[in-house]
Every structure is written in C-alpha cells, then in structure tokens.
Amino acid sequence: MPSPSGWHTTSRPPQAEPDASGGRRPALLRSKAPESDTELAVRCVLDTAERASTATFIYPGIWLAVTLATHAAATWPWLVWGNALGLGLLAIVRARYARRLPELLRQHPRRAELGFNALSLLSAAYWGCLTATCIWLAPLQPLAWTMLMVTACMVAAGNTMLGFNPALRYPYPMAMLAPVVVAEMLVPLPAHLLVMALQCVFLAYLARSSQLVHQDYWEGRHARRLAEQQARELELASLTDGLTQVPNRMHFDRQLAHEWARQCRRGGHLSVLLVDLDHFKNINDSFGHPFGDTCLQAVAQALHMGCGRSTDFVARYGGEEFVVLLPDTDATGAESVAQQMLEGVRGLVLRSEALEVRVTCSIGVATVTPRHDKRATDLVQWADSALYAAKHGGRNRLALADTPSETHSRTMSS
C-alpha cells in the first residue's frame, strides 16, 4: 500500500515476517527458526568438513610411517619422498579450503560444496593409487600388505564419519578401493584374488553400515527441525490473539520495549495509538456476542489496512481496545495514520440478519522521542489520556496527547 505524503519520516526499518495469511507475523520471536532445506544442505557440508578435518594430515603421516617402517624409502626414495610432499601439499590445500568453507558456502553454496567434495574424493583416490602402486611394485611384500590393511581401515573410518553425506557416501570408498582392485587384477596372484573376494564382502558391509549412518543423521536433523518448527508455532500462538489473529498485548509489550530501546539509540520518534470501539457494550447487548466477535475481527482488519508500512504494529490490547505502534513516526505522521484508521473503521458496513450495523471508534495518539531517562509505559499512558479526551469530546474522533516531545494537544472528529 503506498503511503500518503506526511505519514512517516524517511527512515524505514526492516519489514516484519509475513505469515501464511498475508498478515504480519511478530518480528521478535525468541524461538529458533526451523532450518530450510538449503540450510540443512549447508549444515551437512559443514558437519562433513568438521569430521574430515581430523584426518586431513593423517595421510602424509601414515604414508611416512608405513614406508619408513618397511624400509621402502631405501628402495624407492622418489616414490616415498615425492608422494610425502604431494600428500602434504594436498592436506594443506584441504585445510585452507575447510577454513574458508563457511564463507564460501554463504557466497556460492553449490560451488563451495562441489569444491569440498572434489578435494575429499581426490584425497581418497590419491591414497588408493598409492596403495595400488605398492601392490604393483611389491606384491605380497610387507609394504603392500601394510598399505592394504591401512586402506581398509581408512575406508571403514571414512564410511563411519562421512556416510551421512549423500555426495560422499558411496564415491568416497569407491575412489579409494577402485585403484586397489585394478592393481590386484593386473597382478592376479591367488592371494590378491582372495583379497578381492574379501573386498566385495567388505563393500557390502560398508553399504549397509553407511545406510544406518545416513538414516540416523538425517532423522536427527529432521526431528530437530520439526521440534524448532513446533516451538516457533507455539510461541507465535502465545503471542497472537485467538479471535482477531493480530498480536496480543504480551507481544505488544515486547515490541514496545524493543522499539523503545532502538529509538533511544537512534534518536527517532515513536508513536502509539490507542483505539477503542464506541458503544461496544450496546452492540453486544443488541446483536449478541457472536456478532460482537465478528465486529472485532472486522475492526482488526481495518486497522491493519490502515498501516502504511510492515513495521507498523497492530495488537489487541484487551476487550474492544486495540493498540498501534508506529516506529520512526512523528506526531504529524501518527495523526495521519490515526485519521486513516478512523475513516477505515467508520466505513465498515456489518450486517446482522437484515440490519445494517455501523461501527465507530475513538483514538488517542501520543508521540515521543525515547530517552533512557523515560519509561516506555509512559507513552501508553499518554495515549490513554488522549483516548479519554477523545471519548469525552464526543467519540468517533481522535485526540493528540501532550507529551514531553510534543507540546500540542487537540481533539478532532474528521
């Protein structure tokens, strides 16, 4: 809705969160918002990186330990020291990438995820190729057998730590074992054929165990998201008036305290409108309480439509009384908003059977520049005093309060 000239000052706070019905949801919910599917995917990548970080520098360390213990460095120095350097450089690249991963995921989530997965699979394939090289160069020697056992342990550990990640669940063990299988096929000794058969059984076990890891992780994540969603809905329900579906007084008090503190820091204006329906008891007595409820719902919507910005806050204050909070709005702007709301309620046409029922309201307006030596509740009291003046001035009108920031006070009808 476009704002008429003079409604508000130029400052524009962020918009409130819209609800499913197109209204304004309370902006100060304290419960955690449930994670979206995109946020869950990002969290999965970060969890994977956190778990994988413990093994980043294990590859070069184990490689040196195995080759030095089996005296391979004396026979193939170029193989041992060259790949120790290669594994070390790859570990450094992975560690630096993992440190920047949260920032990269915020900027380009899909590209960052692909980069992380590529580095993880490259490390696995590198190690698998080293194991295959050892099998080719030293079949049935301590170096080859030791590398086979270490590779099996790494695959099992990776399956447990990374199996929840759909992008690495199967590719990671395959990247590490595929080169080994190729080397065993190229050197078809009976022992190698036996190891190949055992590896098939091992892969079947890994597939089953990774399924359990994957299921446990994602069931836990979805259960947490459901709990957060339910907590958010319960808090929202506790802050919403059940009849009119606008915020209730408890949430208004919270919002008022927040805006008061914010304007104390910024030095801006803050306005409050207290709205009370005229002769509402007579409406209830004449047409019944169900019609009175319908009347309150219609008035709440009319006040809602009278707001010029999403930061304007309408709440049911109690009974037939509503309150409107207008951040960054001076006295002139608050008066314009109150006038539009007055006309909006006045224009309502309600029907009870064949009878046409008209509704009016009175509005008290108060504006201050909040300071730390003042109280937010005083603003509501000044608006209440202005409302009292509007009622005694003939109803169906608005009145502006005398406040420390605004020295004029008058009553007007339309």
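Colleague: What share of the contacts between residues at least 6 apart in sequence joins residues at least 24 apart?

Modeller: In this protein that share is 73%, where contact means heavy atoms within 4.5 Å. The model is predicted: local features need pLDDT of at least 70, side-chain atom pairs count only at pLDDT 80 or more, and totals for chains, interfaces and linings use all residues. Residues are numbered from 1 along each chain as its sequence is written, and side-chain values use heavy atoms, with hydrogens and water left out.

Colleague: What makes arginine 225 and aspartate 37 a salt bridge?

Modeller: A salt bridge needs a side-chain nitrogen of Lys or Arg within 4 Å of a carboxyl oxygen of Asp or Glu. The closest N and O atoms of arginine 225 and aspartate 37 are 2.8 Å apart, so the pair meets that definition. Arginine 225 lies in helix α8 (residues 190-238) and aspartate 37 in helix α1 (residues 37-52), so the bridge ties together parts 188 residues apart in sequence.

Colleague: Why is arginine 225 called buried?

Modeller: Buried means under 20% relative accessible area, exposed over 50%, and partly exposed in between (1.4 Å probe, protein chains only). Arginine 225 has 19%, so the word is buried. Aspartate 37 has 55%, so the word there is exposed.

Technical notes:
Helix = DSSP H or I, 4+ residues; strand = E, 2+ residues; numbered from the N terminus.
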